[in-house]
Amino acid sequence: MTQRNAWPRDGVTLLAFIAAALIGAGAVMAAGGAAYMARLSRAIAAAHPPCGRWREVRGGRIHFIERGRPDGPALVLIHGLGGNLHNFNRMIPLLERDFRVIALDRPGSGWSERRSDRLAALPEQARMIAEFLRAEGVARPVLVGHSLGGAVALALALEHPEQVGALALLAPLTHPIRRPPAAFRVLALGRPWARRAAARLFAPLIGEAVLPGMLRAVFAPEPVPPEFETEGAVRLALRPAAAAAAAADLAHVVDVAALAPRYGALRAPGGVLFGGGDTLLDPQAQGEALARAAPGIHCRVLFGRGHMLPWTCPEACAALAAEAAAMARMA
């Protein structure tokens with residue numbers, strides 16, 4: 001709790017945030033006020049409409065797509081902070097011939113819905129996805145978790161071990177971090193009312209200003225692929241509900257501290273893939289530390305690669321998922 005409250009002081013202080021909110025609100029009013037904001041949100045939604053189905057769970061509903069073989073081993077793809085299921089667009093074609101591939105928007109992200117900030121807690125996100133898996137008849141899948149999605153996958157494997165066959169974790173968050181990555185500190189607001197106010201007042205406007213820097217940080221040291229902004233549907237994160245949810249997700253990153261001491265009890269085998277040049281999460285402190293703590297998990301580091309492995313290294317990520325599926329069959 002102390003660490004969570006410290007983050008706004010390390011990044012955007014509450015006072016600075018209020019000042020930024022006032023500036024943003026003034027800009028919005030000058031551009032036509034709430035009606036202009038509503039038009040921006042509608043334009044984002046129209047550019048990236050829902051592409052799958054929804055499943056109701058306690059506390060919200062999950063938007064997802066399903067591809068591949070209905071009778072194949074199941075892979076469930078869980079994206080990271082501020083992302084959406086389109087983060088896996090490069091991986092899915094490599095997997096759908098052999099697997100039942102389910103890519104979902106994490107609760108609150110993309111087109112999924114979450115009815116309370118309380119549900120941003122890692123165990124709650126894991127519970128919602130576990131309910132989704134049961135409702136969809138997905139038995140013991142491989143969880144393919146990227147970044148924060150890796151932490152959610154680990155929470156699910158620890159809290160609902162009977163529902164997880166194996167883990168394929170891509171640049172996952174596994175251990176506490178001292179402060180949020182610089183690219184995301186604009187979201188570091190500890191109070192729910194501040195997060196909601198920021199999202200309503202100026203999320204699309206300010207988001208457009210900070211988005212290029214965020215993307216550079218997520219892909220560094222690799223360049224941002226020019227097609228990612230559109231094909232990755234990145235502006236879905238600028239919609240007010242999704243922006244508020246991302247800020248709540250960031251506030252609950254500290255929940256990983258409660259998971260880390262339990263990794264020795266993980267029953268699901270699997271592997272971790274990290275980029276050696278990742279500027280958001282440290283490969284040694286996150287990937288190799290997990291492999292040391294969990295006997296059934298191994299870690300591989302790709303030299304010179306960054307954080308956005310599902311997009312920049314889809315072949316290696318797909319190979320890890322297939323390897324984890326083979327482990328699940330043998331377990």
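Visitor: How many cavities of 30 Å³ or more does the structure hold?
Guide: The model is a predicted one. Rolling a probe the size of a water molecule over the atoms shows where empty space is left. With the threshold set at 30 Å³ or more, the number of cavities in the structure is two.

Visitor: What volume does the largest cavity have, and which residues line it?
Guide: The volume of the largest cavity is about 40 Å³. Its lining consists of G82, G83, S109, G110, L236, A237, A242 and A246.

Visitor: Which residues of helix α9 are buried?
Guide: Helix α9 covers residues 240–251, and its end C-alpha atoms are 17 Å apart, which agrees with the 16 Å that twelve residues should span at 1.5 Å a residue. Ten of the twelve residues are buried, so α9 is largely enclosed by the rest of the structure. Those buried residues are A242, A243, A244, A245, A246, A247, A248, D249, L250 and A251.

Visitor: Is I44 buried or exposed?
Guide: I44 lies in helix α3, residues 33–47. Not counting residues up to four places away in sequence, I44 touches R235, L236, L238 and R239. The cut-off for burial is under 20% relative accessible area. Because its relative accessibility is 8%, I44 counts as buried.

Visitor: What distance separates the C-alpha atoms of I44 and V234?
Guide: Along the chain, I44 and V234 are 190 residues apart.

Visitor: Which residues touch the most other members of the largest nonpolar core?
Guide: In soluble globular proteins, nonpolar side chains tend to be buried together. The largest nonpolar core here has 88 residues, and helix α6 (residues 148–159) provides the largest share of this core, with nine residues. A second, separate core has six residues, among them A45, A233, L236 and L238. In the largest core, the residues that touch the most other members are L167, Y263 and L290.

Visitor: Which residues are in contact with Y263, leaving aside its neighbours within four places in sequence?
Guide: Y263 is one of the residues touching the most other members of the largest nonpolar core. Leaving aside neighbours within four places in sequence, its contacts are L154, L158, T174, H175, V256, L290, A293 and A294.

Visitor: How many of the twelve residues of α6 are buried?
Guide: The end C-alpha atoms of α6 are 17 Å apart, in agreement with the 16 Å that its twelve residues should span at 1.5 Å a residue. The buried residues include L148, G149, G150, V152, L154 and L158. Helix α6 is largely enclosed by the rest of the structure, because the number of its twelve residues that are buried is eleven.

Visitor: What relative accessible area does E227 have?
Guide: E227 is found in the loop between α7 (192–219) and α8 (228–231). Leaving aside neighbours within four places in sequence, E227 is in contact with R90, G232 and W311. E227 is partly exposed, and its relative accessible area is 24%.

Visitor: What percentage of the residues of the protein count as buried?
Guide: The protein has 13 helices and nine strands. Among contacts with a separation of 6 or more, 80% join residues 24 or more positions apart. The protein exposes about 13,300 Å², of which carbon and sulfur atoms supply 59%. Of its 331 residues, the share that counts as buried is 57%.

Key:
Residues are numbered from 1 along each chain as its sequence is written. This is a predicted model: local features need pLDDT of at least 70, side-chain atom pairs count only at pLDDT 80 or more; totals for chains, interfaces and linings use all residues. Side-chain values use heavy atoms; hydrogens and water are left out. A nonpolar core is a set of buried Ala, Val, Leu, Ile, Met, Phe, Trp, Tyr and Cys residues joined through side-chain atoms within 4.5 Å. Buried means under 20% relative accessible area, exposed over 50%, partly exposed in between (1.4 Å probe, protein chains only). Helices (H or I, at least four residues) and strands (E, at least two) are DSSP runs, numbered from the N terminus. Contact means heavy atoms within 4.5 Å. The expected span of a helix is 1.5 Å times one less than its number of residues. Accessible areas come from the Shrake-Rupley method with a 1.4 Å probe; for residues, only the protein chains shown count as cover. On a 1 Å grid over the protein atoms alone, a cavity is a set of points where a 1.4 Å probe fits but cannot get out, and a pocket is an open set with protein on both sides within 12 Å along at least five of seven lines; lining residues have an atom within 4 Å of a point. Grid points are joined across faces, edges and corners, and a volume is the space filled by probe spheres set on the points.
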